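Please examine the structure shown here and consider the questions that follow it.

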Amino acid sequence: MEGVFLMTIEHSINVGGLSFEWDMDNGRFLFEGQDAVLFWTASAMKMFFDSIEEIAGEDAAAVVLETTGYRQGIVVGEYFSEMENVDAAEAARLITNTYASAGWGVADIRNLDNEEGTLEVHLKNSWEYKINVAQNKKTGGRFLPAHYAGIFTKLLGRNIWYAVDQYQLEGYDHSVIRYFPSEETVEENIHRLARLNEARQIRQLENLVEEKTSELTMLVKELSSPIIPVLEGIVVVPLLGTYDEERADELLIKTLQNLPKYHAEYLVLDLTGLNNNFTNQAASLIEKLGATAGIIGTQTILVGISPKMSMVITESGIDISNFNCFQTLQHGIHYALAQNGRTIL
């Protein structure tokens, strides 16, 4: 009870030369005279990070936090660079003390070289590390590494970027981050993420198109030019659409494989569906089908030849004199039956 009483009457304290104040009447907490807020790291802040990842995705969330950390670092760097008689080394000392007082963990800034623009930051027990532990992460976050890059970008007067040599989260005693001059910026990382997401969407679309094209190709193969056993010993193959080399070969192979299955004595090729698409390629297909079917003992009958089609056949130089030709499918089937002394009653 005594501790609670003391807290209500003590509105400011000084820790390590830094001021913490509470304005209870107006619900304000001030750190070094500036409005600040307090959050529980492993619960409230973890939920905040989890929500960003859930909404934006893990890759986008990492870029968001990196960008935020860097830009906040720029603000901090401006604050310390405006102090009189404070160089980068002194600012580094003040920053580590300030951040330790604010619960940001222990930061040890080493090997600071103003001319080269290089340094190392060793971080231990930072709030980001604690959040990552609560999240069961395997790799540390990018907020604080980018944050110090932003600070020293301002303090050293040139663009500074970072590389993480080790994360405390990986089992080390502390994280080690190297800093150096670089052309890399958070803006470039944002654009890179946008391009990556765009490339992923394009790949997904290409995969979908490829998948649907494959399905459609298989469907076309199944539906185009089916072999129809109409009567014993007689099969009909209707030729439909336009035949390129691949489709022609597919039909040729499919037909020859199935003729023995149906014990076909007669192969009736119905050309009615080619009236508007009869080409030299189609004419060549008919000749090949008839010739190869004859080799396995199946006679070929052509039906549905239009006057226009007959002109193309004549001009192509293809010899169909060995085939019996009829105007309609019905005539062709009746002819095939008659060769075996049968008829349709």
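Predicted model: local features only at pLDDT ≥ 70, side-chain atom pairs only at ≥ 80, totals over all residues.

Q: Is Val 15 buried, partly exposed or exposed?
A: Val 15 belongs to strand β1, which covers residues 12–15. Its relative accessible area is 37%. Buried requires under 20% and exposed over 50%, so a value of 37% makes Val 15 partly exposed.

Q: How far apart in space are Val 15 and Asn 97, C-alpha to C-alpha?
A: In sequence, 82 residues separate Val 15 from Asn 97. In space, the C-alpha to C-alpha distance between Val 15 and Asn 97 is 9.8 Å.

Q: Is Thr 298 buried or exposed?
A: Thr 298 is located in the loop between α9 (280–295) and β12 (299–303). Leaving aside residues up to four places away in sequence, Thr 298 touches Leu 259, Ala 264, Glu 265, Tyr 266, Leu 267 and Ala 293. The relative accessibility of Thr 298 is 4%; because the cut-off is under 20%, Thr 298 counts as buried.

Q: Which residue has the backbone oxygen that the side chain of Thr 298 reaches?
A: The residues touched by Thr 298 include Ala 264 and Glu 265. At 2.9 Å, the side chain of Thr 298 reaches a backbone oxygen, that of Ala 264.

Q: Which element supplies the largest share of the lining of the largest pocket?
A: The largest pocket holds about 1,400 Å³ of space and is lined by 39 residues. By class, the lining has 25 nonpolar, eleven polar and three charged residues. Elements that each supply at least two lining residues include β2, α2 and α3. The largest share, eight residues, comes from α3.

Methods:
Residues numbered from 1 in each chain as written. Heavy atoms only, no water. Helix = DSSP H or I, 4+ residues; strand = E, 2+ residues; numbered from the N terminus. Buried < 20%, exposed > 50% of the residue type's maximum accessible area, 1.4 Å probe, protein only. Polar contact = N/O pair within 3.5 Å; in protein donor to acceptor, adjacent residues only side chain to side chain. Contact = heavy atoms within 4.5 Å. 1 Å grid on protein atoms, 1.4 Å probe; cavity = no way out; pocket = protein on both sides within 12 Å on 5 of 7 lines; lining within 4 Å. Points joined across faces, edges and corners; volume = space filled by probe spheres on them. Nonpolar A, V, L, I, M, F, W, Y, C, P; charged D, E, K, R; others polar.
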